[in-house]
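Please examine the sequence and the three-dimensional structure shown below. The paragraphs that follow lead through them part by part.

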Amino acid sequence: MPRFVSAKPDSRLIPLPWGTPLAEWPTEYLVALPRGISRHVVRFIRVGNSVYAAKEVIEHLALHEYRLLHDLMRMDTPAVEPIGVITQRVDGDGEPLDPILITRHLEFSLPYRSLFSSGVRQDTVTRLIDAMVVLLARLHLIGFLWGDVSLSNTLFRRDAGQFAAYLVDAETGELHTQLTDGQREHDLVVARTNLFGDFLDLQAGGMLEETLDPLQLVDMVELRYRELWAELTGVEVFSGSELERIEGRVRRLNALGFDVAELDIQTSDDSHTVRIQPKVVDAGHHSRRLMRLTGLDTEENQARRLLNDLDTYRFRTGRQHVDEAIVAHDWLTNVFETVLAHVPNDLRGKREPAQLFHEVLDYRWYASQRESREVPIAEATEGYVRDVLRALPDEDLSSDALAPLDQRLADPYDPSRGFADSDDDPPPYDPWEDDEAEAEAASPYLDINAIRPRAASG
Ligand SMILES: Nc1ncnc2c1ncn2[C@@H]1O[C@H](COP(=O)(O)OP(=O)(O)OP(=O)(O)O)[C@@H](O)[C@H]1O
Ligand SMILES: [Mg+2]
């Protein structure tokens, strides 16, 4: 009998065929979605209207990863949500099978290969790198040593004009009270090595803009990480006549999306010099404020955008002196919800609500510029739905077939098996199987965008 370890059990998982190796599960349980490269067998399974990711992995790793993901969730750090581990599996012949770790599929998430599949421009890469750097710094702030930073182990979600990065693979992670500089350096070295490989792989597949150089990109990751870390934790010393620099530091951190929970301030005996250092900083400055005012749970940059719109609304309705919480409530019903109400149901899977709202604001701004008048929000929403939203691929399950491939995958549930009609082609490139450094670089094979049409037709 399989055994379930779970803090929040989903009873619909119990009747699934746990006695079958995950790779052989009947497709009726599976859903084909894009994903990154993995060593283990990973499948997306559907029960009712929930989608979970299942990974078959040896017991101590499964439990270790489950617990770490749980800790990350508790500390409000962006990572996939652990659901449970199924242990004590045996197959029909009584042979033991490896446990399965279940995590909730991260909605609207984009594995990097689907982001890159249609070719990626410089500024998109920069935004992805920034998102990744913020994730790494957030993990380090809470004492989490990742050990396996890579593009495949990261999921991205749209966050207004930026991206937000989530950790997806915590297998190698370790949680400490605080990381030493040496531990952080270790993660940076791993990040450089893995990301360099990831970028080379994309370059070889023709998915990286020609002007982008993998080495420069990893240098950029390292540089930006160091800059962010210095801003988040660095010591600043100034003269006692420049006390406004304390406030300035807090504001800069807020602008980066962090709150300062503890700022250490020391003055010299003669009060001539002041030394400040943030001791505890928490990410989510804007998203927490938006949550407090409206109950909306959004990414950080989306929150920034929505809060700006709320401020504008407050100004426009002449209520600067009214309690902000009251205005926020009105804004929510009169503006935010009005926009969503204008979006037909069948198009809602294309964008998360806060992202959609952000895109409507952008649309309205351009429309207003073009027509030299202030386009009302309802009209802008209709225009956005008509001109933009209809044409967008669905992203609720990240099934964004960005660039439909004309080839079919052999197994839509396992992109690493390559394409259906390519019997005499060499097996697909799998970097983990690749002992020889000079082996052929990856082809766009592992790219998973074709699975949707294929799943639909199969
Ligand atoms: N909860 C989830 N939501 C969305 N995608 C997921 C989720 N879990 C896994 N994936 C996808 O599956 C891929 C493989 O998962 P994961 O990295 O955990 O496997 P792995 O075999 O441990 O990888 P590695 O080879 O790095 O050890 C990820 O890159 C991601 O695209
Ligand atoms: Mg992985």
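**The ligand and its surroundings**

Three strands, β2 (41-47), β3 (50-56) and β7 (100-104), each contribute at least two residues to the shell around ligand 1. Helices (H or I, at least four residues) and strands (E, at least two) are here DSSP runs, numbered from the N terminus. The model is a predicted one, in which local features need pLDDT of at least 70 and side-chain atom pairs count only at pLDDT 80 or more, while totals for chains, interfaces and linings use all residues. Residues are numbered from 1 along each chain as its sequence is written, chains are lettered from A and ligands numbered from 1 in the order in which they are written, and side-chain values use heavy atoms, with hydrogens and water left out.

Around ligand 1 there are 22 residues, of which Gly-36, Arg-39, Lys-55, Arg-104 and Ser-152 come nearest; a residue is near a molecule or strand if one of its heavy atoms lies within 4 Å of it. Lys-55 places a polar side-chain atom 2.5 Å from an oxygen atom of ligand 1. In Arg-104, a backbone N or O atom lies 2.8 Å from a nitrogen atom of ligand 1. In Ser-152, a backbone N or O atom lies 2.5 Å from an oxygen atom of ligand 1. Taken alone, ligand 1 exposes 620 Å², and the protein buries 97% of that. Accessible areas come from the Shrake-Rupley method with a 1.4 Å probe; for residues, only the protein chains shown count as cover.

**The five-stranded sheet**

The strands β2, β3 and β7 also belong to an open sheet of 5 strands, which has the order β1-β4-β7-β3-β2 and antiparallel pairing. Because β1 (3-5) and β2 stand at the edges, each with a single partner strand, one side of each is left without a neighbour in the sheet. On average, neighbouring strands of this sheet are turned by 25° against each other, direction ignored. Two strands count as paired if DSSP finds at least two bridges between them. Helix α1 (residues 59-74) lies across β1, β3, β4 and β7 and runs at about 165° to β4. Axes are lines fitted to C-alpha atoms, for helices over the stretch in contact, and angles run from 0 to 180 degrees between N-to-C directions; contact means heavy atoms within 4.5 Å.

The loop between β7 and β8 contains Phe-108. Its phi is near 60°, a positive value in a residue other than glycine. Phe-108 is buried, with a relative accessible area of 11%; buried means under 20% relative accessible area, exposed over 50%, and partly exposed in between (1.4 Å probe, protein chains only).

In a further open sheet, 3 strands follow the order β8-β10-β11 with antiparallel pairing. Here β8 (110-111) and β11 (162-167) stand at the edges, each with a single partner strand, so one side of each is left without a neighbour in the sheet. An antiparallel pairing over 2 bridges joins β8 to strand β10 (residues 154-159), and Leu-155 in β10 is the bridge partner of Pro-111. Helix α3 (residues 122-141) packs on this sheet, touching β10 and β11, and its direction makes about 40° with that of β11.

Strand β15 (residues 273-283) pairs with β13 in the antiparallel sense over 4 bridges, with Thr-273 in β15 as the bridge partner of Ser-239. In the loop between β14 (258-267) and β15 lies Ser-271, whose phi is near 65°, a positive value in a residue other than glycine. Ser-271 counts as partly exposed, at 45% relative accessibility.

Thr-298 has its place in the loop between α7 (285-294) and α8 (300-316). This residue is buried, with a relative accessible area of 12%. Leaving aside neighbours within four places in sequence, Thr-298 is in contact with Ser-287, Leu-290, Ala-303, Leu-306 and Ala-354.

**The chain as a whole**

The protein chain has 12 helices and 15 strands, and buried residues make up 49% of its 458 residues.

Key: Polar contact = N/O pair within 3.5 Å; in protein donor to acceptor, adjacent residues only side chain to side chain.
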